[in-house]
Amino acid sequence: MRKRLGDILQEQGLIDYDQLTQALEEQLSTGERLGQALVRLGFVTSDQVAEALSEHLRIDRVNFANSQLSPEVINLLPDTMITARQVLPLEEEDGYLKVAMADPLNINVIDEMQRLTGKIIRPVIATEEEIDEAFHRTTNISQSAKEVFELFRPEEEELESEEELARLQYIGDAPGVRLANMILEQAIKQKASDIHLEPDEEGMRVRYRVDGILHEIMQIPKNLRSDVNSRIKIMSNLDITERRKPQDGRIQMRLGEQEVDMRISSLPTVHGEKIVARLLHKSSNLLELEDFGFAPHNLDNIKQMLRLNQGLILVTGPTGSGKSTTLYAFLNRLNSPEKNLVTVEDPVEYRLAGVNHVQVNPVVDLTFSTGLRTVLRQDPDVIMVGEIRDEETGEIAIRSALTGHLVLSTLHTNSAVATVTRLLNMEMESYILSSTIIGILAQRLVRTICKECKESTELTDPVMIRFIKSLGMEPPEKVYIGRGCPNCNNSGYKGRTVVEEVLMFNRKMRQAVEREAGESELWDIALESGMTTLQEAAINKLIAGITTSEEILRTVYSVDMEGDE
């Protein structure tokens, strides 16, 4: 006769007789399972129950990180049963169905699953929390959205009445409200940086940008397109009656412990308004410099730059390369009660305690340049300018650095050396540039290989091999890729890291800038000084098994390349 859970836990010394008796009484009064009662009373943990059952019953313990979950297999059981019974179908093969169960001793549930699926059930063990997390992670948002499509006006045409649209957006069960909330909440859960709502002839495509890559999430029917757009516009205080000109707005949203600020932009297209939301996770902790993935010698150079009390430090790279995050990490490191830190930004992306943030507002003539002039009268020690967009802002920033302030800012250039050329082309005085610039950090973000499904493979891509050789480096025989697993949503990637080059201004570099030397000479000086280029830094991360050839070709291959053919 198979032993009961309470007997198993007692035999393994995890609970005593009195605790079991108390849990059984709780079970009778609440109707919950014995394991739930024991965990709630604090006598054992969910993991202890699962491990004890696995050892005694000799049933495998599930590692969801290494389990390939298929929505088609999950759909073999109704969602209501999965959530109520704490079960999750994993694999189907030759008439058998492997199912993760929090309580594999429950014969009634096993019989019920066999009756529903017509398959022989092979139980494996997982905790309730693991099953719940894996189920919600795997369930596609489009499946949930289908319920909305079927429940609300499936045959009606798109609403045109602005009054009707506005009325519907304030009704909690309106399709626009439910779909919009679903899209925004799912984006936060998936840690998306951007949401794209793109109208087309058939309806509207929804895409999320995750780790720098856009992924299509769902297609919204045409008859619900205006409802969703109007809900988003109302949430961001935009005019829903205006569809002919671009608008900008903002949504502040909280999901659990996460507080997210969304910048909303609407743009008229031939098929209707396209809306893009940029998500800023305000409640997420800012990274320390040590967490970015900087090479050790570059990290030392950055720390050395930040020890100085005056001068200009620039962070460069294209949009989406993490420049703002790096600047905020600089501010976080410099922030102290003894210093007055002021930022001028458009928009203010994060809020740091102890830092004075200024939001650019052209409507009242508060531009980067006018804001920066005013900040200089506020006795600042450190000034962060969100971006040097024009000659006037650049000149004020450089003169601020010249007069005893530490100035941090960004530029859109491809490399550290190209930044110097760009500033000279903006008609900045070369003698001022040479004496104020402390250093320049150029960076990119590359996706990192998922650790749960990482595996080695031979490097056979001829383009990649030729690229590595052009840098004077030896191509490795083996590189790494991500096979794809539930932990990384089958992408093979999980998270991002920085690839960087740091140009420190030494005497030779200052002299060359002062006489306006050409870019080729500046490159020679930088390399002689020991600067590691973006391309070399990327290859180092490839060899170390941090990222892939695919990511390197996507991010740094075309940057100021020479001799790559």
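Modeller: Thr497 is found in strand S18, in a model that is predicted. Thr497 has a relative accessibility of 9%, and because the cut-off for buried is under 20%, it counts as buried. Leaving out residues up to four places away in sequence, Thr497 touches Phe292, Gly293, Arg444, Leu445, Val446, Thr448, Lys541 and Ile546.

Now the strand itself. Strand S18 belongs to an open sheet of seven strands with mixed pairing, in the order S12-S11-S13-S14-S10-S15-S18. Strand S18 (493–504) stands at one edge and strand S12 (355–359) at the other; each has a single partner strand, so one side of each has no neighbour in the sheet. On average, and ignoring direction, neighbouring strands of this sheet are turned by 20 degrees against each other.

In the sheet order, S15 stands between S10 and S18. Strand S15 (residues 437–449) runs parallel to strand S10 (residues 311–316), and five bridges join the two. Within this pair, Val315 has Leu441 in S15 as its bridge partner.

Helix H22 (residues 534–543) lies across both S15 and S18, and its direction makes an angle of about 145 degrees with S18. Lys541, one of the residues that Thr497 touches, falls within the range of H22.

Methods. Residues are numbered from 1 along each chain as its sequence is written. This is a predicted model: local features need pLDDT of at least 70, side-chain atom pairs count only at pLDDT 80 or more; totals for chains, interfaces and linings use all residues. Side-chain values use heavy atoms; hydrogens and water are left out. Two strands pair if DSSP finds at least two bridges between them. Helices (H or I, at least four residues) and strands (E, at least two) are DSSP runs, numbered from the N terminus. Axes are lines fitted to C-alpha atoms, for helices over the stretch in contact, and angles run from 0 to 180 degrees between N-to-C directions. Contact means heavy atoms within 4.5 Å. Buried means under 20% relative accessible area, exposed over 50%, partly exposed in between (1.4 Å probe, protein chains only).
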